[in-house]
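I opened this model to look up its sheet, its nonpolar core and its aromatic rings. My notes follow.

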Amino acid sequence: MSTHALEKKETAAPAQAAREQELWMAPNVDIYETKEAYTILAEMPGVNKNGLEVTVEDNELVITGRRDLKPFAGETLHRESRPAHFRRVFELDPAIDTNRISARMEQGVLTLVLPKAERAKPRRVQIEG
């Protein structure tokens with residue numbers, strides 16, 4: 001994927017006072033490109049469809065995943081997982097058709113398909129003469 005088409009813009013947590021006590025982290029993502037679209041795979045373990053929000057505004061794609069963490073009644077002996085939510089912001093190139101972006105959440109992996117606008121797709125120029 002070209003670096004100008006979809007840029008990592010921000011990974012910081014929201015600055016709202018109500019969320020200051022919550023922990024946030026950027027989900028790991030893989031990004032792929034075809035002639036037709038970009039595909040983003042974002043890993044967000046513990047997030048289900050109800051805890052997921054994907055928005056596009058002012059050429060920014062914002063992915064937010066909230067985990068519904070259940071407290072465990074017993075004593076914690078060892079913990080490697082982080083009780084954090086996910087957030088990541090990307091700046092979108094105008095060549096992406098934001099009206100046709102689709103999303104699917106399956107087994108903790110969010111798949112976003114960002115179709116390229118027709119004007120951005122490669123095309124063959126007919127030569128006359």
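**Notebook: rings, sheet, core**

I searched the whole structure for aromatic pairs and found 0. A pair here needs ring centres of Phe, Tyr or Trp (its six-membered ring) within 6.5 Å.

I note that the model is predicted: local features need pLDDT of at least 70, side-chain atom pairs count only at pLDDT 80 or more, and totals for chains, interfaces and linings use all residues. Residues are numbered from 1 along each chain as its sequence is written, and side-chain values use heavy atoms, without hydrogens and water.

I then checked charges over rings. Lys116 lies over the face of Tyr38, 5.0 Å from the ring centre. The test asks for NZ of Lys or CZ of Arg within 6 Å of the centre and within 35 degrees of the ring normal.

Next, the sheet. I found an open one of 4 strands, ordered β3-β4-β9-β8, with antiparallel pairing. Strands are DSSP runs of E, at least two residues, numbered from the N terminus. Two strands pair if DSSP finds at least two bridges between them. The edges are β3 and β8 (102-106). β4 and β9 share 7 bridges; Thr39 has Val113 in β9 as its bridge partner.

Last, the largest nonpolar core, with 17 residues. Its members are buried (under 20% relative accessible area, 1.4 Å probe, protein chains only) Ala, Val, Leu, Ile, Met, Phe, Trp, Tyr and Cys residues, joined through side-chain atoms within 4.5 Å. Met44 is among those touching the most other members. I logged its contacts (heavy atoms within 4.5 Å): beyond four places in sequence, Met44 touches residues including Pro27, Leu52, Ile63 and Phe86.

Methods
Buried means under 20% relative accessible area, exposed over 50%, partly exposed in between (1.4 Å probe, protein chains only). Rings of Phe, Tyr and Trp (its six-membered ring) pair if their centres lie within 6.5 Å; planes under 30 degrees apart count as stacked, over 60 as edge-to-face and the rest as tilted.
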